[in-house]
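This report describes the fold, the packing and selected local features of a single protein chain. The sequence and the coordinates are shown first.

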Amino acid sequence: MSLNIVRGWTLQQWSEGFYGIYGKNDSFRTLSNYWIQVCNDASKVAEAVRRYELDHAMYHLGNAFCWISCFAERLHADMNQFPIGKQILMEKGPKFQDWILKRYPFVCHHCGYVPCHCALYTEIVEKRNEDEKYEKKYQSQVAAKRDKKHSSAEKKLRKNKNKIDDY
Ligand SMILES: [Zn+2]
C-alpha cells in the first residue's frame, strides 16, 4: 500500500484499518479491556508531556489513537448485535466518523460557533454540572444557541457529505 494513499485516509478508513490489523487478535478483549489500553497509552502521553519529551508524546499519541480507533470499531460491532444497539447507531450515526461529525459538525459542540466562543461562557460551561443555577444558564444561553448553530452545521454537512467522504 502506498503511503500517499494512507495520507488521504478518512477517520473511518483509519479506524477500520486499525481494526482490520488488530481486531481478530484482540477479539478476546472486553470493551473495558480495550478502554484500559487507551488509558494506558494516554497516560504515557501525559507522562511524556510532563517531562517535555515531545517525541515520546508523539509516539504514544499514535498508540492511543490506534486503541481509540479499535475501541470504536469494537463498540460498533458489539452494538450491531442487538436491536437497541442498532437503534442507537441509527440515532448517533452508522459509523465512528459519523459519531464524531454528529458531535462536532465542524463547529464547537458547546457553543456551536467557529471559532469557539466558549471563553465568553467559561464559568457557565465549567460549572453547569455542579450547580443547577449554572445548568439553567447553560441550557438557556449556551445550549439554545448551540442547537440552532448545530442544526445549520448539520444541514451543511449533509449537503457536503460526498465531499467529506472524499477527504
Ligand atoms: Zn465553544
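## Overall architecture

Read along the sequence, the chain follows the pattern α-α-α-α-α-α-α-α-α. Its secondary structure amounts to nine helices and zero strands. The model is predicted, and every value in this report is to be read accordingly.

The C-alpha trace of the chain spans about 50 × 45 × 35 Å along its principal axes. Of the 167 residues in the chain, 16% are buried. Where contacts in the chain join residues at least 6 apart in sequence, 53% of them link residues at least 24 apart.

## The nonpolar core

Which residues form the largest nonpolar core? This core consists of eight residues, namely Tyr19, Cys66, Trp67, Ile68, Cys70, Phe71, Ala72 and Phe96. Helix 4 (residues 54-79) supplies the largest share of the core, with six residues. As a general background, nonpolar side chains in soluble globular proteins tend to be buried together.

Trp67 belongs to this core. When its neighbours within four places in sequence are set aside, Trp67 is in contact with Tyr34, Gln37, Val38 and Asp41.

## Packing of helix 3 against helix 4

Two packed helices are described by the angle between their axes and the distance between the axes. For helix 3 (residues 31-50) and helix 4, the axes come within 8 Å and cross at roughly 160°. Angles over 145 degrees count as roughly antiparallel, so helix 3 is roughly antiparallel to helix 4. The crossing of these two helices is left-handed. Sorted by class, the contact of helix 3 with helix 4 has 16 nonpolar, four polar and four charged residues.

His60 is located in helix 4. Is His60 buried or exposed? His60 counts as buried because it has 20 C-beta neighbours inside 10 Å. Residues up to four places away in sequence not being counted, His60 touches Asp41, Lys44, Val45 and Ala48. A further distance concerns Glu47: its C-alpha atom and that of His60 are separated by 10.0 Å, the two residues being 13 residues apart along the chain.

## Packing of helix 2 against helix 6

Helix 2 (residues 11-22) and helix 6 (residues 96-103) pack at an angle of about 140°, and their axes are 8 Å apart. With this angle, helix 2 is oblique to helix 6. The crossing in which helix 2 passes helix 6 is right-handed.

Which residues make the contact between helix 2 and helix 6? Helix 2 contributes Leu11, Gln12 and Ser15, and helix 6 contributes Phe96, Gln97 and Ile100. By class, the contact of helix 2 with helix 6 has three nonpolar, three polar and no charged residues. Phe96, named in this contact, is also listed in the largest nonpolar core.

## Backbone features in the loops

Two residues, Tyr52 and Phe106, have a positive phi without being glycine. Tyr52 has a phi of about 55° and is found in the loop between helix 3 and helix 4. Tyr52 counts as exposed because it has 8 C-beta neighbours inside 10 Å.

Phe106 has a phi of about 60° and lies in the loop between helix 6 and helix 7. With 12 C-beta neighbours inside 10 Å, Phe106 also counts as exposed. The loop between helix 6 and helix 7 (122-127) holds Pro115 as well. The peptide bond from Val114 to Pro115 is cis, with omega near -10°.

## A position in helix 8

Gln139 lies in helix 8 (residues 132-159). Gln139 and Ile124 are 15 residues apart in sequence, and the C-alpha to C-alpha distance between them is 9.6 Å.

Conventions
Residues numbered from 1 in each chain as written. Predicted model: local features only at pLDDT ≥ 70, side-chain atom pairs only at ≥ 80, totals over all residues. Core = buried A, V, L, I, M, F, W, Y, C linked by C-beta atoms within 7 Å. Helix = DSSP H or I, 4+ residues; strand = E, 2+ residues; numbered from the N terminus. Contact = placed C-beta atoms within 7 Å. Axes fitted to C-alpha atoms, helices over the stretch in contact; angles between N-to-C directions. Parallel < 35°, antiparallel > 145°, perpendicular 65-115°, else oblique. Left-handed = near helix turned anticlockwise from the far one by under 90°. Nonpolar A, V, L, I, M, F, W, Y, C, P; charged D, E, K, R; others polar.
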